[in-house]
Amino acid sequence: MWIHILVFFLTFCFMEFMAWFSHKFIMHGFLWSLHADHHKKDHDSWFERNDAFFIIYAVISIGFFLLWQNNILEIGLAIGLGIFAYGLAYFLVHDIFIHQRFKLFRNANNRYAKAVRRAHKMHHKHIGKEHGECFGMLLVPFKYFKK
């Protein structure tokens, strides 16, 4: 039981690295065509091509659930839930809190909330795929905590 809880938390933490890695090298790399509309909207739809990345990680999470369900990987449930929990946190922070796709958490104004907003604003300062910064989501560089 404890190993499953540990794997869940390790997976959640590892997903911050995966978010940074996939954002820097995949989204701002060979799949820029899916991510570009997130930096410069070129359509009238509420949905973005960038939303495909949620689907990609959801499929990976479901894959681990299936590995667990079919007795192929005992810790598959813990891994799948860790990926799902990170995806939910990412959605709440990125899509709801920062980009206000739903009008919630508008009054969050603590030091961490301000740092997350500053770091993400610096990321979106660059419209193109080159010269980006702050590719992670939940771990924010210390310089953005300064007033």
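This is a predicted model: local features need pLDDT of at least 70, side-chain atom pairs count only at pLDDT 80 or more; totals for chains, interfaces and linings use all residues.

Q: Which residues of H2 and H5 meet?
A: From H2 come His35, His38 and His39, and these meet His120, His123 and His124 in H5. The residues of this contact divide into no nonpolar, 6 polar and no charged.

Q: Why is His39 called buried?
A: His39 has a relative accessibility of 10%, and buried means under 20%, so His39 counts as buried. The residue belongs to helix H2, which covers residues 32-39.

Q: What makes the pairing of the His39 and His123 side chains a polar contact?
A: The side chains of His39 and His123 are joined at 3.1 Å, and the cut-off for a pair of N or O atoms is within 3.5 Å, with one atom able to donate a hydrogen and the other to accept it; the pair is therefore counted as a polar contact.

Q: Which residues does His39 touch, not counting residues up to four places away in sequence?
A: His39 touches His23, His28, Trp32, His123, His124, His126 and Ile127 under that condition.

Q: Why does His28 count as buried?
A: The relative accessibility of His28 is 7%, which is set against the limit of under 20%, and His28 therefore counts as buried. His28 is found in helix H1, which comprises residues 2-30.

Q: Which side chains make polar contacts with the side chain of His28?
A: The side chain of His28 makes a polar contact with that of His35 at 3.3 Å, and another with that of His39 at 3.2 Å. Not counting residues up to four places away in sequence, His28 also touches residues including His123, Lys129 and Phe135.

Q: What is known of the spans annotated as "transmembrane region"?
A: The annotation comes from an unreviewed UniProt entry and covers residues 6-31, 52-69 and 75-93. In the model, residues 6-31 are 96% helix and 0% strand, with end C-alpha atoms 32 Å apart, while residues 75-93 are 95% helix and 0% strand, with end C-alpha atoms 27 Å apart.

Q: Where in the protein is confidence lowest, and where is it highest?
A: Confidence is lowest in H5, at a mean of 88, and highest in helix H3 (residues 52-69), at 97. For the protein, the mean pLDDT is 91, and 99% of the residues reach 70 or more.

Methods:
Residues are numbered from 1 along each chain as its sequence is written. Side-chain values use heavy atoms; hydrogens and water are left out. Helices (H or I, at least four residues) and strands (E, at least two) are DSSP runs, numbered from the N terminus. Buried means under 20% relative accessible area, exposed over 50%, partly exposed in between (1.4 Å probe, protein chains only). Contact means heavy atoms within 4.5 Å. Ala, Val, Leu, Ile, Met, Phe, Trp, Tyr, Cys and Pro count as nonpolar, Asp, Glu, Lys and Arg as charged, and the others, Gly among them, as polar. UniProt positions are given in the numbering used here, feature names are shortened, and annotations may be inferred rather than shown by experiment. pLDDT is the predictor's confidence in each residue, from 0 to 100.
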